[in-house]
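Reader: I have a new model open and would enjoy going through it with you. Shall we take it piece by piece?

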Amino acid sequence: MFGGTEYGKIVLRGRQNMTKLSLYLATLLLGTNFSASTMPGNAPLAAVSTAQVSAMEQKYVDLTNAERWDKNLRVLSTNPLLTQVAREHSKEMWEKNYFDHNSPTPGLKTPMDRYLKALGHTPTYAYLAENLFYCSVVDVDRGQSCLMNSQKHRKNILDPKFEQMGVGIFVSPDGQFWVTELFLAQID
C-alpha cells in the first residue's frame with residue numbers, strides 16, 4: 001500500500017540511463033562518503049550529513065536523487081527538520097492505526113500543519129508535498145519502485161520546484177514498514 005499527495009504553498013500547494021544509474025548505485029555500495037563529493041557526470045550531490053538520517057532513510061534520498069539526476073533535475077538536500085516531521089508522522093500512523101496524509105491529531109491534521117508547527121513560524125513561501133508508503137516487510141527498493149510507479153508520487157519526486165527532502169521511517173516491533181517522504185521549496 002502507498003499514498004501520496006501534494007500539499008500547499010502558503011499560498012498552499014504545498015527508463016533511465018541505466019549506465020549512469022548503475023554507476024551511481026555501485027558507487028553508493030562501495031561506501032563513498034558523498035557529503036562533499038559529486039555524482040557521476042559531475043551532478044552535485046546534496047550536502048548531507050548521513051549521521052542525521054538512518055541508512056534506510058539515506059537510501060531513499062539517494063534513490064530519489066538518482067531519479068532526479070537522470071531527468072536533469074536538481075538533486076535534493078536533506079532537511080533535518082523535514083526528516084524529524086516525517087519520522088513523527090510515520091510513527092504516529094502506526095501508533096494510531098491509520099494510513100493517511102491527514103492525521104487525527106488536533107492541530108497537526110495536514111503535512112503543512114505538522115511542518116509549520118515544527119518550524120515554529122510561517123515562512124514567506126513554502127511549497128510542500130508528502131508521499132507515504134507502507135509495507136508488511138522492510139524493503140526500501142520496493143518502496144521506491146512503488147512510489148515511482150504511481151503518477152502522483154512520481155510527480156512529487158520529480159517536481160523541479162523542490163529543493164529539499166526529508167524521509168522518516170518507522171519500523172514497528174512486528175516488522176511493519178512505515179515511510180513518510182516530505183519535499184520542500186521555501187523562502188523565509
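Predicted model: local features only at pLDDT ≥ 70, side-chain atom pairs only at ≥ 80, totals over all residues.

Reader: Over how many bridges do β4 and β5 pair, and which residue stands opposite T180?

Author: Strand β4 covers residues 164–171, and its pairing with β5 is antiparallel, over 8 bridges. Opposite T180 of β5 stands G168.

Reader: Which residue stands opposite F177 in β5?

Author: Here we turn to another partner, strand β3, which spans residues 125–135. β3 and β5 run antiparallel and are joined by 11 bridges. The residue facing F177 is C135.

Reader: How many residues of β5 are buried?

Author: Strand β5 runs over residues 177–187 and is mostly covered. The number of its buried residues is 10 of 11.

Reader: Is Q186 buried or exposed, and why?

Author: Q186 lies in strand β5. The cut-off for buried is under 20% relative accessible area. Because its relative accessible area is 17%, Q186 counts as buried.

Reader: Which side chains does the side chain of Q186 join in polar contacts?

Author: Beyond four places in sequence, Q186 is in contact with Y115, L119, P123, Y125, A126 and E163. A polar contact of 2.3 Å links the side chains of Q186 and Y115. Another polar contact, of 2.9 Å, links the side chain of Q186 to that of D188.

Reader: Let's move to helix α5. Why are its buried residues on the same side?

Author: In α5, residues 140–148, the buried ones are V140, G143, Q144, L147 and M148. They lie on the same side of α5 because they cover an arc of only 125° around the axis.

Reader: Which residue caps the N-terminal end of α5?

Author: Look for a side-chain oxygen that lies 3.3 Å from the backbone nitrogen of D141. That oxygen belongs to the capping residue, D139.

Reader: Stepping back, what pattern does the protein follow along the sequence?

Author: There are 6 helices and 5 strands in the protein. Read along the sequence, their pattern is β-α-α-β-α-α-β-α-α-β-β.

Terms used:
Residues numbered from 1 in each chain as written. Heavy atoms only, no water. Buried < 20%, exposed > 50% of the residue type's maximum accessible area, 1.4 Å probe, protein only. Helix = DSSP H or I, 4+ residues; strand = E, 2+ residues; numbered from the N terminus. Pairing = 2+ DSSP bridges. Arc of directions from axis to C-beta. Polar contact = N/O pair within 3.5 Å; in protein donor to acceptor, adjacent residues only side chain to side chain. Contact = heavy atoms within 4.5 Å.
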